[in-house]
Amino acid sequence: MSRYAGDAEAIRKLVREAEVHRDVFVDEELFQLEMEHLFANTWVYVGHDSQVANEGDFYTTTIGSQPVVMVRHTDGEVKVLLNRCPHKGVKIAGETCGNTGKVFRCPYHAWRFRTDGSLHSLPWTQGYDNTGFKDSPAALGMTRVKNVHNYRGFVFARLNDEGPGFEEFFGDSLSSFDNMVDRSPVGKLQVAGGVLRYMHNCNWKMLVDNQTDTCHPMVAHESSAGTAKAMWQKAPEGTPKPMAVEIFVPFMSPYEDFDKMGIRVWENGHGHTGVHHSIHSDYSAIPGYFDQMKAAYGEERAKAILGEARHNTVYFPNIMIKGPIQLLRLFKPISANRTLVESWTFRLVDAPDLLLERTLMYNRLINAPTSVVGHDDLEMYERAQEGLHANGNEWVNMHRLYDPAELTQKNVVTVGTNEWVMRNTYRAWAHFMTLDM
Amino acid sequence: MNRNDPKIDGAFPSDRELADFVLREARTLDQQRFEDWLTLFANDGYYWMPLEWGQTDPRLVCSLMYEDKLLLSVRVERLKGERTFSQKPRSRSHHVLQMPHVESRDEAANSYVTWTAMHYVETRNDEQTLYAAWATHHLAVEDGKLRIKLKRVDLVNCDAAFGNIQLFM
C-alpha cells in the first residue's frame, strides 16, 4: 500500500517544528521517493576534480541510487554521465577509476561514446538504416547530467534539469570549502591517502544529524576518547603528547565548552559547528607551515585562514567536511536501513607532509570500520534504527533550544548545543522531497 | 603473569618456537586474554592493518589500523569499560591459522619474520563475519622471550566496505 507517493502533503506532515516522524528513517517507500525526488532536486557531491586530473580520466560513483561516471572531457571540463550504455544498460565504466582515452567503449557490443556522452560510433551500422534508430534515445548516447558545478575542485551535480541554482542552494555555506582550499599555500587540494569505506546498518540521515550533534561526544565516546584521556592522564609528567591523544581528548570537552564553540546555521539545511573554537583548534603547529602560508597570503590573511577552525560543516543532503584537517565524509544511501560511509582525505598542495599524516591518523582513529569512535557511533545508529519501530511514540525529538522565531531567520550564529541545524535538515528535506511533486 | 609465554630454549629461537609463538598469540586473542596479548608486543611494537593492496607506507597512505602500544592499550582498556556500549554484548573471535612459515631469520640483527595465512571470524549478537587474511609477524627476542615488533594483517579484501571490526585479527 502506497502511503506517500505523489502525496506532498503527507510528506510535509512528517516534519513538525521540532519533531520528525520515524517513517523518515525507516520507511522504504520514503527512501525510494528520496532517491527519485530529494537526490534529484538538490546539488549532490560527486567527487573531486583531482581524481580526474587528465583528459579521459574517469571515476565511477553514485548520486543517490544513480550510477554515474565523472570524467575529464577533451575540452578540459569535468562531465558527469549516467553510467549505462543506451543499448542494453550495461555499466560502461566498470572500475572505480581509470583512463578511457578519448572515448568510452561499451564492453558488450563496442558502442563508443565521446567523454561528453555523445554517441561516437557503432560497429556494423548498416543494420540500423531506416529502423528509426536515429530518433531513439539510444542515438543520444550516454545521458549527460546537464547541471554540474565544479566549486574550487569539488564537483556537484543536480540530476533534475529544473531546480535551485548552485549558488542559491549553497549560499554563504561555501565559505567552509573556501577555508579548506585556502589552507594550501597555492590554493589547491588533491585527493590523497585512500578512502575509508564503512558500511552502516542505519538510515543515511542519522549520520547527517550526528555531524552537528554536540551533546553526544562526551556521552557516546566516553568509552573511547574518555579511555584515551584517562590513560593519558596517568602518563608521567613531561611525556610528549602524542598526536593521537591530541585527536581523542577534545571529544571529552564538557557541555559548556560545546555551548561556547557555537553553531552557524545557513539556509537549505547547511550549517557548521565550531564557530569560535573547535575540537580542531588546539592541534600542535606543523613546523614550517605557517611560514609558507605567510609567504603566500601575507601574515594577516594567513592568520585569518588558519584561525578559522570550523569543526563539522554539514552540506545538505549528504556530505560533511572538516576544513582544518581536509576531510570529507560522504553518506551514500543504499536503502532505508543501510548507508555506505566514505571518508575522503586531501593533501594541501605544497604544504608539509605532516599535515596529511595527521589527517590520515584522524581518519583511521575516528572514521574507519576499525575505529573505536566509529564503533561508539554506529552502535547508537543501529539501536535507533531498531528502536524507532517501537509504537506509541512515532516522533524523533529535536527540541533543544528551539525557538519559533528561527523559522524566519537566516545565516545565524547560535549556541553550540542548539539542534537548529538538525531541524533545518528536515525542513530542507520536506522542501526538496516535494519540490517537483 | 602471562600464561603460555615461555622463554626460548637456546640463545636463538628455533623455527618451531617462532611458529608456536604465532599460534599462541592467536589463541590468546580468541581466549580474550587481551592484557596478556599486549605483553607479547615489544614496547616499540606496532599493529598494522593496511587499507591498500600491497601497501608499503603506513604514514601517508591511510590504514585500517596502524597502532602503537599506547593505542592498543586504549582499545584493550575500552573493551572492559562499563560504558562501552558497542561491546554490550561482547564480540568474540575465532582464528584458523595455517602453519606459520618462517620467512626470514637474522640472528645477528635479532629479527625474525613469519608469514601465516588465516581465516578469522568475528561475531556479536546474531552476526558472524568471516575475514581471510595473511599475518606477517616481525619478531625479536627480548629477555629470552619472543616479542612482536610489528604484526601486519593483510586482508584479502582490504579495500572492501566493512561493518564494525571490533577485536584484533
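A:Tyr45 is buried, with a relative accessible area of 3% (buried means under 20%, exposed over 50%, partly exposed in between, with a 1.4 Å probe and protein chains only). The model is predicted: local features need pLDDT of at least 70, side-chain atom pairs count only at pLDDT 80 or more, and totals for chains, interfaces and linings use all residues. Residues are numbered from 1 along each chain as its sequence is written, chains are lettered from A and ligands numbered from 1 in the order in which they are written, and side-chain values use heavy atoms, without hydrogens and water.

**Aromatic pairs**

- Over all chains, a search of the whole structure finds 32 aromatic pairs (rings of Phe, Tyr and Trp, the last by its six-membered ring, with centres within 6.5 Å; planes under 30 degrees apart are stacked, over 60 edge-to-face, the rest tilted).
- A:Trp43 and A:Phe166 form an edge-to-face pair, because their ring centres are 5.4 Å apart and their planes stand at 90 degrees.
- This pair links distant parts of the chain, 123 residues apart: A:Trp43 is in the loop between helix H3 (28-41) and strand S2 (44-48) of chain A, and A:Phe166 is in helix H4 (residues 166-170) of chain A. Helices (H or I, at least four residues) and strands (E, at least two) are DSSP runs, numbered from the N terminus.
- A:Trp43 is buried at a relative accessible area of 5%, and A:Phe166 counts as buried at 5% relative accessibility.
- The rings of A:Tyr45 and A:Phe154 make a tilted pair, with centres 6.2 Å apart and planes at 45 degrees.
- A:Tyr45 lies in strand S2 of chain A and A:Phe154 in strand S11 (residues 154-158) of chain A, so the pair ties together parts 109 residues apart in sequence.
- A:Phe154 is buried, its relative accessible area being 0%.

**Charges over rings**

- A:Arg16 lies over the face of A:Trp395, 3.6 Å from the ring centre (the rule asks for NZ of Lys or CZ of Arg within 6 Å of the ring centre and within 35 degrees of the ring normal).
- In chain B, B:Arg152 lies over the face of B:Trp48, at 4.5 Å from the ring centre.

**Interface of chain B and chain A**

- The contact (heavy atoms within 4.5 Å) takes 34 residues from chain B and 37 residues from chain A.
- About 3,000 Å² is buried between the two chains, and carbon and sulfur atoms give 60% of this area. Buried area is the accessible area (1.4 Å probe) that two parts lose on being put together, summed over both.
- B:Leu60, B:Cys62 and B:Arg78 supply 20% of the area that chain B buries against chain A, more than any other three residues.
- Four salt bridges are found across the interface (a side-chain nitrogen of Lys or Arg within 4 Å of a carboxyl oxygen of Asp or Glu).
- B:Arg78 forms a salt bridge with A:Asp376, with the closest N and O atoms 2.8 Å apart.
- Strand S2 (63-67) and helix H3 (69-79) of chain B are the elements that give two or more residues to the side of chain B that touches chain A.
- H3(B) gives the largest share of that side, seven residues.

**A buried threonine**

- A:Thr359 is found in helix H13 (residues 353-367) of chain A and is buried, with a relative accessible area of 1%.
- Not counting residues up to four places away in sequence, A:Thr359 touches A:Ile325, A:Gln326, A:Leu327 and A:Thr345.
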